[in-house]
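Here's a quick tour of a few spots in one protein model. Have the structure open while you read.

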Amino acid sequence: MVGHRKAWLLLPVLLLVGAWWWQGGDDPLSAREGVFAPSLRQTSVDGLAGVANGGAMTKLQLKALFDYYLSTLGERTLDDIRHEILSQLEKRLSGQALEDAQDLLRRYLDYQHALAGLGKGMARQAQTLDAMAARLQAMQQTRSRYFSTQEITELFGSDDMLDRFVLQRMQIMQRSDLSAAEKQKQIAQLEATLPPQQQLWRRQATRHITLAESEQSLLQQGGSASDLQALRTAEVGPEAAERLAAVDRESQAWNAKLAQWKAQRQAIASDAALSPDQREQAELRLQQQLFSETEQRRLLAYQ
């Protein structure tokens with residue numbers, strides 16, 4: 001599983017984490033499958049690549065392992081997650097290395113709990129640059145209560161660099177004295193200051209946005225379906241391009257079916273010869289004729 005860092009810009013979401021912190025539920029199906037939580041199906045455990053039994057793990061590897069299991073909070077209880085992480089550590093570490101990892105886990109969980117409380121105090125702040133900068137500063141100050149300076153650099157250095165990049169990028173985008181071309185130039189210069197690996201991560205994270213913008217521009221210029229497929233193939237490769245085309249076909253079929261359902265439903269509603277019960281029965285038959293059981297659940301959003 002590829003770990004996705006929790007952006008500080010989403011700090012208000014920590015309110016949800018706080019609500020989940022001492023709660024959660026088990027999934028009998030996932031337990032029978034030998035999977036810790038449903039969301040972890042078909043994934044590999046982060047942080048364990050290249051780690052041999054009885055060996056050592058860096059703090060960054062440990063953080064990746066912790067975050068992998070903490071991502072299931074809400075599906076599993078915190079106690080379940082803590083127990084599973086400890087079990088994974090005990091399988092691979094021993095002696096002082098195990099004790100250090102257990103201590104880091106305790107402090108990391110305490111830190112995450114503190115962030116949940118921090119989120120409660122900041123959730124209602126306006127989404128201004130000053131407020132975002134204040135959130136970042138508050139998060140950094142919170143870390144100092146649980147980790148040494150060296151640990152903070154190792155555990156969060158890359159995150160902080162990207163956070164500063166995001167903040168500076170937003171500052172550029174909000175400048176009214178720059179043209180669109182000047183903004184893009186400054187952003188490109190700012191991105192060039194990131195380490196190569198982080199530049200790659202950022203491009204991967206925003207690739208779907210860039211592709212969507214390119215697709216919109218192509219279609220506005222009268223591009224054909226084959227032009228669109230060629231663009232996608234060039235941007236994301238043939239397999240991903242075909243998956244996107246399949247999504248398009250599914251979306252088009254759904255929209256056509258939805259339009260048919262709306263038109264016929266309106267005709268039923270306008271039929272004065274039908275009683276309320278008859279209208280209800282007719283709508284139900286129409287729904288069953290046009291949609292599968294799965295599609296009928298999706299249809300609830302349109303009623």
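What follows covers a pocket, a helix pair and one leucine.

Keep in mind that this is a predicted model.

Let's start with the second largest pocket, which holds about 150 Å³ of space. Two helices, α3 (59-70) and α5 (95-122), each put at least two residues into its lining. The top contributor is α5, with six residues. Among the lining residues you'll find Met-57, Lys-59, Leu-62, Asp-100, Arg-107 and Glu-151. Sorted by class, the lining comes out at seven nonpolar and five charged residues, with no polar ones.

Helix α3 also packs against α4 (residues 78-92), at an angle of about 145° and with the axes 9 Å apart. The crossing of α3 and α4 is right-handed. On the α3 side, the contact uses Leu-62, Leu-65, Phe-66, Tyr-69 and Leu-70, while α4 brings residues including Ile-81, Ile-85 and Leu-89. Leu-62 turns up in this contact and in the pocket lining too.

Here's how the two sites split by class:

Now for Leu-211, which sits in helix α9 (residues 196-220). Is Leu-211 buried or exposed? Its relative accessibility is 7%, and the cut-off for buried is under 20%, so Leu-211 counts as buried. Leaving out residues up to four places away in sequence, Leu-211 touches Leu-231, Arg-232, Glu-235, Val-236 and Leu-244. Leu-231 is 20 residues away from Leu-211 along the chain, with 8.5 Å between their C-alpha atoms.

How values were computed
Residues are numbered from 1 along each chain as its sequence is written. This is a predicted model: local features need pLDDT of at least 70, side-chain atom pairs count only at pLDDT 80 or more; totals for chains, interfaces and linings use all residues. Side-chain values use heavy atoms; hydrogens and water are left out. On a 1 Å grid over the protein atoms alone, a cavity is a set of points where a 1.4 Å probe fits but cannot get out, and a pocket is an open set with protein on both sides within 12 Å along at least five of seven lines; lining residues have an atom within 4 Å of a point. Grid points are joined across faces, edges and corners, and a volume is the space filled by probe spheres set on the points. Helices (H or I, at least four residues) and strands (E, at least two) are DSSP runs, numbered from the N terminus. Ala, Val, Leu, Ile, Met, Phe, Trp, Tyr, Cys and Pro count as nonpolar, Asp, Glu, Lys and Arg as charged, and the others, Gly among them, as polar. Axes are lines fitted to C-alpha atoms, for helices over the stretch in contact, and angles run from 0 to 180 degrees between N-to-C directions. A crossing is left-handed if the near helix is turned anticlockwise from the far one by less than a right angle, and right-handed if clockwise. Contact means heavy atoms within 4.5 Å. Buried means under 20% relative accessible area, exposed over 50%, partly exposed in between (1.4 Å probe, protein chains only).
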